[in-house]
Protein chains: 2
Amino acid sequence: MSEAALAEPAGKRERTKLANRAAILAAARAVFAQMGYEAASVRDIIRRTELASGTFYNYFRSKEEVFEALADDGARRFKPVLRAARENAKSFTEYLKGAFHAYFSFIVEDNALEGRPIEERRPHVRVDTPEMIAVYQEVRQGLDAAIAKGMAPKVDADYLACACIGIAQEVGAAMLRRSPPDVTAAAAFAAGLVLKGLEGAPRKD
Amino acid sequence: MSEAALAEPAGKRERTKLANRAAILAAARAVFAQMGYEAASVRDIIRRTELASGTFYNYFRSKEEVFEALADDGARRFKPVLRAARENAKSFTEYLKGAFHAYFSFIVEDNALEGRPIEERRPHVRVDTPEMIAVYQEVRQGLDAAIAKGMAPKVDADYLACACIGIAQEVGAAMLRRSPPDVTAAAAFAAGLVLKGLEGAPRKD
DNA sequence: CACAATTATGACGTGGCGTCAATTTTTTAC
DNA sequence: GTAAAAAATTGACGCCACGTCATAATTGTG
């Protein structure tokens, strides 16, 4: 026949597997946004799909694992952006600014997807979500490289990476509370603070 | 009778009420530490006390509410410490160091219970309890005052307060992962970073 | 002491959890 | 193309936590 051989590369088995997984993830995203992560149940998620309850457990072991898969998804999209920011940067300063800018842009988009004004949404990202681990590893690597090249002082790289994550999280959340969120200003603040401390942070007049 | 009139100020009713509430909170603290926030159930908590399951609901509506009460409690104890650090400090530098040191000491004590890693002791979704907001305001006031007196540059005080909180949270968590946790070193790092950025952070040799 | 008010108790109905034997769907072998 | 094998789906099942509520116990009051 002619019309049967157009769907993607693989066999049917693999295709429906991917489709089911995607359906569950999409349903979970909607459910988490609508009723909140805590209140959501595996049943709430699976009910939003065509699948039976038992099928859920062929794909994920728990609600937590779905959340992590969603976060992984975010990290997978975000990490190359961060990596590019590092590779394109001509200095450590430029890298930091680019990294913060990338992160702030990312959370603005991530929060824009789900409808409803930004201010009404609860802050949601977990501390050790893969997104954050990606930030940690990138900043850590960038810093290690900068130190090796003598472009940055020999500080505690672990603490510094953690500090950057904390700044990104909290300043990012604060930025989202303002309307419209100014990504560039927030990035300038964060990078300036890290690079030169209070003296390096932009003045406010 | 003689021996009856020694227990605290109030009537029996109020006393057992406070005792029960305290017992639930203590049990919850232990349970969260031991098995992690997500895995813990209301039954796990109440089973650690002498009380019946229904009694739990005379005091809290849910596991989430217990967590918020614990967080509120922590913030209520911490806020005066922070205030004292501000009033005793002779310079902005000293204030920052004192504040970070106070916070790091606080969380070391607060996490003295053995059990699951710190990240698992809290909910995935961030909670902004009124008392947490109060801590933000205290930090914010300290920064505003410093800026008004010309002891700190005129930066975005909201962002700066958020950044300090983020640094405190993440560097604090990193500190707890090390053994033994070095409060003074962590405080020196955090304060140095905020005051002078990378150049101000302690060198690591 | 009697009575009212308050709090504690634990059994109960509801519903989610994760499992698993049975069934359906897809692949493989002939 | 068909039959057997492999894989995935299904939904009912037993279990347990949830939050409630009638009842019992305790405490305050006159």
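The surface near DNA strand D holds four nonpolar, eleven polar and six charged residues. Keep in mind that this is a predicted model.

Start there. Select DNA strand D and show the 21 residues around it. Then label those that come nearest: A:Ala52 and A:Gly54 from chain A, with B:Gly11, B:Ser41 and B:Val42 from chain B.

Next, color by element. In chain A, helix H1 (12-35) and helix H3 (53-59) each give two or more residues to this surface. In chain B, pick helix H1 (12-35), helix H2 (42-47) and helix H3 (53-59), which also give two or more residues each.

Where the two touch, domain 1 of chain A supplies six residues and domain 2 of chain A supplies four. What is the make-up of the domain 1 side of chain A that touches domain 2? Five of its residues are nonpolar, one is charged and none is polar.

Last stop: the backbone. Most peptide bonds are trans. Zoom to A:Ser179 and A:Pro180, which are joined by a cis peptide bond with omega of about -5 degrees. To find A:Pro180, follow chain A into the loop between helix H7 (157-177) and helix H8 (183-196).

Then jump to chain B. B:Ser179 and B:Pro180 are linked by a cis peptide bond, with omega about -5 degrees. Look for B:Pro180 in the loop that runs between helix H7 (157-177) and helix H8 (183-196) of chain B.

How values were computed. Residues are numbered from 1 along each chain as its sequence is written. Chains are lettered from A and ligands numbered from 1 in the order in which they are written. This is a predicted model: local features need pLDDT of at least 70, side-chain atom pairs count only at pLDDT 80 or more; totals for chains, interfaces and linings use all residues. A residue is near a molecule or strand if its C-beta atom, placed from the backbone, lies within 6 Å of it. Helices (H or I, at least four residues) and strands (E, at least two) are DSSP runs, numbered from the N terminus. Ala, Val, Leu, Ile, Met, Phe, Trp, Tyr, Cys and Pro count as nonpolar, Asp, Glu, Lys and Arg as charged, and the others, Gly among them, as polar. Two residues are in contact if their C-beta atoms, placed from the backbone, lie within 7 Å.
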